[in-house]
Amino acid sequence: MRPSGNRAAILLVALPLAFLGVFYFYPLFEIFSLGLAPGGQWDPGAIADLFSTGSSLRILWFTAWQAALSTVLTLVLALPAAYVFARYRFPGKSLIQSCTAIPFVLPSVVVAAAFSALLGARGLLNEWLMGMWGFSSPPIQIEQSLVSILMAHVFYNFTVILRIVGNFWSRIHPDLSHAALVLGASPWKAFWKVTFPVLRPGIMAASLLVFIFCFSSFGVILILGGPRYATIEVAIYRQAVHLFNLPMAAALSLLQICFMFAFMWVYTRLQRSATVAFTPESLKTTQRDIVTNTDRLVVWGTVFLLLLFLGSPLLALVVRSLSTGSGVSLLYYRALFENAGQSVFYIPPAAAIGYSVGFALVTLVMSLCIGLPVAIFLSRDRGLATSLLDPLFMLPLATSAVTLGFGYIVALDEPPLNLRASLIIVPLAHTLVAYPFVVRSILPGLRSVPAHIRESALLLGAAPGKVWWKVVAPMMRRSLAVGAVFAFTVSIGEFGATIFLARPEVPTVPLAIYRFLGLPGAMNYGQAMAMSTILMLVTAAGFLFLEKLRTGPEGEF
Amino acid sequence: MMKYKAALLFVLLAAVCLLAGCPKNDAAGEVPVVRVMVHDSFSIGVEVLERFEKGHGIRLLFLKSGDAGAALNQAILSKAHPLADVFYGVDNTFMSRALGADIFVPYSSPLLASIDESLVLDKTHRLVPVDYGDVCVNYDRAWFDREGLPVPQSLDDLVRPEYAGLLVVENPATSSPGLAFLLATVGTCGEDGFVKFWQALKKNRVLVTDGWEDAYWGKFSATSKGGRPLVVSYSASPAAEVYFAEHPPETAPTAAMTGSGTAFRQIEFAGILKGSKQPESARKVIDFLLDTPFQQEIPLKMFMFPANKNARLPEVFIEHARLASRPVILDPEVIAQRRDAWIRAWTETVLQ
């Protein structure tokens, strides 16, 4: 590469690296040195403890395999849907697509409530089965089991595969596999030998996000799995908060980070050889209308299953928020608007929504500012720099929220970085979790842009910047929109760090829900459900808005 | 491209609104701001707060910092540059950790005279009691009426076969009511007997959840589709069930088991953080927390009992909230020393 190219590359990652340095590595370093080198004296005792009993390794093992299993399950269930959304045009598509992301923003307590309303011992399905078939005890017993963990993980992460793979898939020309079919390949062979290799970077990027998300899963494990299951994230929380054993918490966090780095390293190596260049196509040529009966069956069948699986728990929440002691009414919604107890901490729903959306938009902008340069930098193979930095940039997503939260308390305590009680700290923390989604949404597409397209533009006399702006960027617009939607979603739903960092007078909607759930009484629970329903509506509206933006005047690319 | 510019403008505007429109903390001019660090469950009425702020020319800024454990840990971690002047919400299970970390300065408020003597555990007055409550088993009244089963009266009743599969408790490693209930069993069955009690409870199919929210809203038959009519909660929870009902019922749908030795008394304390730059104002805040106007707020805001003997209880509390007749009280020092071992023994007995 030319030296000027190097300089440009360094400039590109300077801002993201500085951001990570100040808001990730520095706080992490401070909390680690407090835990592992108390009083400036390096004390590896905790790390030795980590390996002496084997229980930490067992936790690591469980964490890894439940994440892997969750990822595979999500992939198997979401890939057919991704195909349908990539290949067909049908009415209501963007609305349905937007709604699949709603689970992502719901607090796990609320999702657990929805699941148990449907599948619990006294849930809808069990009552129906018992009434219908005369079972004497509930036939479905999945409370506090691995099955509910896996189901919840699929429920949460379905959208990640659907959006990222679906978007990537929609840019691949169907002629590729048609050619194989014409040449006599079976449909399965055509998929496996032709479509899959081209699609692989997209699948890998999405799977990676799902894996990391399930790897650092917290609420789902605690509430749906019950206390018998513990991931590293849960172990860190117990050590840090309940036992205040900082050395152990730091050692576990270090283990979590090292494992993720190693995993990512392998991933990066695999990914490097996986990219197949292809010319991205316009949606006009890759998508078709529903014509035959088979089309109808495939599309509406998929949509039906999607709504059944993702929609019914959500519907259960809406129903719960409307069913009061005296029949169906808006009682709980009305109560949201009254400060009945005259509490100082009362927040009108509109204000909570305002703060949530405000934080999410700031997060969105910051995530794009960080994620876009990172993706551009990583899109070219730069040897060691890429294989080091690629895992590095993903680490924040895989780091325990409580470790980082405590790190902020210790590190960001003096001017000019005295941000502990400032408002910006919330979107800062959200950005750390959100920008990896932007990177992974853009990167597969960016890598598969054939070099010759860029080169011909250069050859025709366009400046490198112009090539970017006029040639590459338009192809990336939809991936960018997908990344932006994820950044928005991650911020709206984030809870673990927000509860530490948000100021009580500026709570987000999930915090408001949590406040209602903190006290006994039917009105509190009803209002929590009403607030959750509002959260779903706001999220869906936000997605639709972002969706509208991405279809520019030139039409979809 | 117009659409993009509009969108960009919109986002920037939203960012500016968010940053500019939010309540300013230190911009209140002359009025000194006292920061009070509290846990999630803290609450206070507008009127009482305003009267105090006007009366003393102080503004209070509350920092909610997670649950009781997380908030205290943050106070300890920020020792060098304290986040706040006053801390509220250390309970007797965390008290030794707080005092051991040496983050509080003593203040013998004149109002301690009207505070219940038995609650003043720290004789040096670095931490003063603000409120208390009993953690105990709550039961679903309608369920027991329907089944015609007598309500269990003691811990020993809970392990009897007729109550098999009825109780849900919280994990003491992750939940403060869970820990409090474990301490109740330690206090009642003794250090040698509590493991045996939990073995029996496990055989009786006790269900464990990680937090109070999931136990109460997910598994308790009185409040959810869960099938368990017995749950570990607070002795004042039934009052909240009445107060937060759609139409306040005559009798509470739930009630608390308050028999001798079935409950653990949880006491919550406040103190002035070391390094506060305005100790004078911080003292006023402690006085305020102990004085009757705020103390009378406690029952209906936090569903705990006020520590001040002169505070009047609201009607709904007098009628529906009970205190345990002889709750377990353990020395905070002992709790601090043995807590890890007890939790480990419990985990091995119940979860493995």
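**View 1. Strand 5 meets strand 10 in chain B.** Over seven bridges, strand 5 (residues 128–140) of chain B pairs with strand 10 of chain B in the antiparallel sense. Strands pair here if DSSP finds at least two bridges between them. Strands (E, at least two residues) and helices (H or I, at least four residues) are DSSP runs, numbered from the N terminus. B:Gly133 stands opposite B:Gln266 in strand 10 of chain B. The model is predicted: local features need pLDDT of at least 70, side-chain atom pairs count only at pLDDT 80 or more, and totals for chains, interfaces and linings use all residues. Residues are numbered from 1 along each chain as its sequence is written, while chains are lettered from A and ligands numbered from 1 in the order in which they are written.

**View 2. Other partners of strand 10 in chain B.** Strand 3 (residues 86–91) of chain B runs antiparallel to strand 10 of chain B, joined by five bridges. Here B:Tyr88 stands opposite B:Ala270. Strand 4 (residues 104–105) of chain B is also antiparallel to strand 10 of chain B, with two bridges. B:Val105 has B:Ile272 as its bridge partner. Is strand 10 of chain B buried or exposed? Ten of the ten residues of strand 10 (residues 264–273) are buried, so this strand is largely enclosed by the rest of the structure. A residue is buried if 20 or more other C-beta atoms lie within 10 Å of its own, exposed if 12 or fewer, and partly exposed in between; C-beta atoms are placed from the backbone.

**View 3. The two domains of chain B.** Domain 1 covers 30–132 + 266–320, and domain 2 covers 134–265 + 324–351. These bounds come from an automatic or database domain assignment. The C-alpha centres of the two domains lie 27 Å apart. Their contact takes 17 residues from domain 1 and 19 residues from domain 2. Residues are in contact if their C-beta atoms, placed from the backbone, lie within 7 Å. On the domain 1 side, helix 4 (95–100), strand 10 and helix 13 (315–320) of chain B each supply at least two residues. That side has ten nonpolar, five polar and two charged residues. Ala, Val, Leu, Ile, Met, Phe, Trp, Tyr, Cys and Pro count as nonpolar; Asp, Glu, Lys and Arg as charged; the others, Gly among them, as polar.

**View 4. Helix 11 packs with helix 18 in chain A.** The two helices pack at an angle of about 35°, with their axes 8 Å apart. Axes are lines fitted to C-alpha atoms, for helices over the stretch in contact, and angles run from 0 to 180 degrees between N-to-C directions. Which residues of helix 11 of chain A meet helix 18 of chain A? A:Ile236, A:Tyr237, A:Ala240 and A:Val241 meet A:Val402, A:Thr403 and A:Phe406 of helix 18. The contact has six nonpolar, one polar and no charged residues.

**View 5. Helix 23 of chain A.** Nine of the nine residues of helix 23 (residues 509–517) of chain A are buried, so this helix is largely enclosed by the rest of the structure. Among them are A:Val509, A:Tyr514, A:Arg515 and A:Leu517. In chain A, buried residues make up 50% of the 557 residues.

**View 6. Where chain A touches chain B.** In this interface, 59 residues of chain A are in contact with 62 residues of chain B. Several helices of chain A each supply at least two residues to its side, including helix 11 (232–242), helix 16 (349–379) and helix 24 (522–550). The chain A side has 35 nonpolar, 16 polar and eight charged residues.

Technical notes: Two residues are in contact if their C-beta atoms, placed from the backbone, lie within 7 Å.
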